[in-house]
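User: I have just opened this one and would like a walk through it, starting with how its parts are named.

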Amino acid sequence: MTSMKHDRAWIAAHIPHQGDMCLLDEVLSFDEQHIVCVTNSHRQAPHPLAHAGRLGAAAGIEYAAQAMAVHGAVLSGGGPGRGGYLTSVRDARWSVDRLDDIDGPIEVEAQRLSGDDNNVLYAFSVRAQGKELVSGRTTVILRADH
């Protein structure tokens, strides 16, 4: 994997999510099939995805979706990514009820399993301190206008 780092400002400039909705802090590594990002945003208060003061584990799917968007941006050489829509989540599993009480940073890994010019299938894992918190697979339909 490439170890070239991209910080939060770079990420925010290359994905549609801005302000507090840009959830990732840094790209740790990537290659053609994988990306690993890190964040501490799960502990920010108020969190844009929190409900009743809690950030549920299902929010890990959004963290993973943003890692996938960043993956597209880094693979495009830093140009605008194609953008897309998360159309399905399968085999979603979580071992915690919430993310906001996780101490320390969270790592988000996305692995491209297959794809073509129109859609991409990813597996993802959200983990902290060596423990998997949320995982699953997603399908992304890429936008045709890019």
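Predicted model: local features only at pLDDT ≥ 70, side-chain atom pairs only at ≥ 80, totals over all residues.

Analyst: Helices here are DSSP runs of H or I with at least four residues, strands are runs of E with at least two, and both are numbered from the N terminus.

User: Okay, and how many helices and strands does the protein chain have?

Analyst: The protein chain has two helices and seven strands, and along the sequence they come in the pattern β-α-β-β-α-β-β-β-β. Its radius of gyration is 14 Å, close to the 15 Å that the globule rule gives for 146 residues, so the chain is as compact as a globular protein of that length. Taken along the principal axes, the C-alpha atoms fill a box of roughly 40 × 30 × 30 Å.

User: In what order do the strands sit in the sheet?

Analyst: The seven strands form an open sheet with the order β1-β2-β3-β5-β6-β7-β4, and the pairing is antiparallel. Its edges are β1, residues 6–7, and β4, residues 84–94, each of which pairs on one side only.

User: Which residue of β2 stands opposite Asp7?

Analyst: That is Glu26, and the two strands concerned, β1 and β2 (residues 26–30), are paired in the antiparallel sense over two bridges.

User: How many bridges join β3 to β5, and how many pair β5 with β6?

Analyst: β3 and β5 run antiparallel and are joined by six bridges, with Ile35 having Ala110 in β5 as its bridge partner. Between β5 and β6 there are eight bridges, also in the antiparallel sense, and there Gln111 stands opposite Ala123 in β6. The link from β5 to β6 is a hairpin through three residues.

User: Switching to the helices: which strands does α2 lie across?

Analyst: Helix α2, residues 60–75, lies across β1, β2, β3, β4, β5, β6 and β7, and runs at about 125° to β3. One of its residues is Ala73, which counts as buried because its relative accessible area is 0%, where buried means under 20%. The C-alpha atom of Ala73 is separated by 8.6 Å from that of Ile11, although the two residues are 62 apart along the chain.

User: What about the inside: which residues of the largest nonpolar core touch the most other members?

Analyst: That core has 34 residues, and Leu24, Ile35, Val70, Leu99, Ile106, Val108 and Leu133 are those that touch the most other members. The elements giving two or more residues to it are α1 (8–14), β2, β3, α2, β5, β6 and β7, and α2 gives the most, with seven residues. In general terms, nonpolar side chains tend to be buried together in soluble globular proteins.

User: Take Val108 then, what does it touch?

Analyst: Leaving out residues up to four places away in sequence, Val108 touches Leu24, Ile35, Val36, Cys37, Tyr63, Ala64, Ala67, Ser125 and Val126. For the protein chain as a whole, 37% of the 146 residues count as buried.

User: I see cysteines, so how many disulfides does the structure hold?

Analyst: It holds zero disulfides. The cysteine sulfur closest to that of Cys22 is in Cys37, at 9.8 Å, which is too far for a bond because a disulfide needs the two sulfur atoms within 2.5 Å. Both residues count as buried, Cys22 at 1% relative accessibility and Cys37 at 0%.

User: Where is there a cis peptide bond?

Analyst: One joins Ala45 and Pro46, with omega at about -5°.

Methods. Residues numbered from 1 in each chain as written. Heavy atoms only, no water. Buried < 20%, exposed > 50% of the residue type's maximum accessible area, 1.4 Å probe, protein only. Pairing = 2+ DSSP bridges. Contact = heavy atoms within 4.5 Å. Axes fitted to C-alpha atoms, helices over the stretch in contact; angles between N-to-C directions. Core = buried A, V, L, I, M, F, W, Y, C linked by side-chain atoms within 4.5 Å. Rg over C-alpha atoms; globule rule 2.2 N^0.38 Å.
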